[in-house]
Amino acid sequence: MSDTTPQAIKKKDLFRKYKTNLSFTVIEGEKVDFGKIFILKKKKIMIGRDRGNDIVLNDIKVSKHHCQIEIRPAEELGDEQIVITDLFSTNGTYLNGRVIDTARLKYGDKIDLGASILLFDQSDEVEKRYHSTLRDITTIDSLTGIYTRRYILTELENQKTLADRYRRPFSIVLLDIDDFKKINDTRGHPAGDEYLRHITSEIYNCLRENDKVGRVGGEEFLLILPETDSRGARSLADRIRRRIEESELAYKDIWIRSTVSAGVATYTDQSDSSANLYELADNALYRAKGQGKNRVVLASVTTR
């Protein structure tokens with residue numbers, strides 16, 4: 001049975017009023033976060049670096065659970081308030097340049113967390129869709145629905161920064177469809193596009209929650225595998241290779257099949273660079289192609 005007391009009704013009205021209007025926009029921070037808009041959809045949300053938060057910031061200076069935003073009803077504070085509370089973060093929570101423990105938010109306030117800044121304001125649905133569409137254009141590949149080259153390479157650099165800080169290895173896989181040009185030449189570009197989407201789905205179904213994949217070329221993909229050593233990365237790449245080898249796409253009245261080759265490199269040396277890691281994976285991919293395709297090759301050297 002629902003609660004129809006005046007207090008309960010007031011809480012519901014408050015949440016209904018706020019949840020469609022209040023937003024937090026990242027106006028400064030990591031490139032992968034910049035421009036993101038988060039709409040307040042619950043009476044209490046958590047902000048931090050950990051993936052379990054409601055607002056996740058890819059900023060190494062942000063604590064795993066940095067701060068909390070809460071709608072506090074009128075009967076608690078005399079009038080409706082949106083309150084921010086620091087959760088004993090390492091680098092502190094700042095509101096308009098001043099460190100706070102707990103403070104009330106007002107429209108236009110700027111929340112500093114680590115190297116990131118969130119703008120607290122109102123956002124209607126039209127504005128939200130506009131910014132969402134604008135962001136998708138720059139981060140999501142329109143054909144496959146995975147990350148663009150620019151976004152995934154930025155994420156590679158971010159992953160290197162995290163690996164340096166926590167001294168944990170990570171690996172990347174460069175994967176290329178073998179003889180993809182033949183599909184376009186013999187079946188047509190629409191068939192080729194459909195096969196690209198098919199391959200993307202096969203790759204995505206093999207990844208873990210924290211793994212990332214982007215399209216870095218016409219038929220080339222980059223996979224970023226956090227906290228994964230060379231053995232684990234090679235195993236995953238080979239699982240993808242076998243899955244694609246055994247699959248086929250029904251397109252109109254034809255069946256399309258192909259294979260993939262992959263190069264794997266692992267980042268373990270803090271003096272190394274993400275560009276060098278990418279080059280090592282690319283060289284390993286080149287060797288896989290030269291050795292007959294449909295195979296995974298591990299980079300022979302991962303540092304310089």
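F24 is buried, and F120 is buried as well, where buried means under 20% relative accessible area, exposed means over 50% and partly exposed lies in between (1.4 Å probe, protein chains only). This is a predicted model, in which local features need pLDDT of at least 70 and side-chain atom pairs count only at pLDDT 80 or more, while totals for chains, interfaces and linings use all residues. Residues are numbered from 1 along each chain as its sequence is written, and side-chain values use heavy atoms, with hydrogens and water left out.

**Overall make-up**

- The secondary structure of the protein comprises eight helices and 18 strands, taken as DSSP runs numbered from the N terminus (helices are H or I with at least four residues, strands are E with at least two).
- Of the 304 residues in the protein, 47% are buried.
- The protein exposes about 16100 Å², of which carbon and sulfur atoms supply 48%; accessible areas come from the Shrake-Rupley method with a 1.4 Å probe, and for residues only the protein chains shown count as cover.
- Among contacts between residues at least 6 apart in sequence, 57% join residues at least 24 apart, a contact being heavy atoms within 4.5 Å.

**Aromatic pairs**

- The structure holds four aromatic pairs, counted where rings of Phe, Tyr and Trp (its six-membered ring) have centres within 6.5 Å; planes under 30 degrees apart count as stacked, over 60 as edge-to-face and the rest as tilted.
- One of these pairs joins F24 and F120, whose ring centres are 5.2 Å apart and whose planes stand at 35 degrees, so the pair is tilted.
- Because F24 lies in strand β1 (residues 22–28) and F120 in strand β11 (residues 116–122), this pair ties together parts that are 96 residues apart in sequence.
- The rings of Y107 and F120 have centres 5.9 Å apart and planes at 25 degrees, so that pair is stacked.
- Through ring pairs, F24, Y107 and F120 are linked into a cluster.

**Packing of α5 and α6**

- Helix α5 (residues 180–187) and helix α6 (residues 189–204) pack at an angle of about 140 degrees with their axes 6 Å apart, the axes being lines fitted to C-alpha atoms, for helices over the stretch in contact, and angles running from 0 to 180 degrees between N-to-C directions.
- That angle makes α5 oblique to α6, since angles under 35 degrees count as roughly parallel, over 145 as roughly antiparallel, 65 to 115 as roughly perpendicular and the rest as oblique.
- The contact is formed by F180, I183, N184 and R187 of α5 together with H189, A191, G192, Y195 and L196 of α6.
- The residues of this contact divide into five nonpolar, three polar and one charged (Ala, Val, Leu, Ile, Met, Phe, Trp, Tyr, Cys and Pro count as nonpolar, Asp, Glu, Lys and Arg as charged, and the others, Gly among them, as polar).

**Loop residues**

- K252, although not a glycine, has a positive phi of about 55 degrees; K252 is placed in the loop between β15 (249–251) and β16 (254–256) and counts as exposed at 74% relative accessibility.
- K293, also not a glycine, has a positive phi of about 70 degrees; K293 lies in the loop between α8 (274–290) and β18 (296–298) and is partly exposed, with a relative accessible area of 27%.
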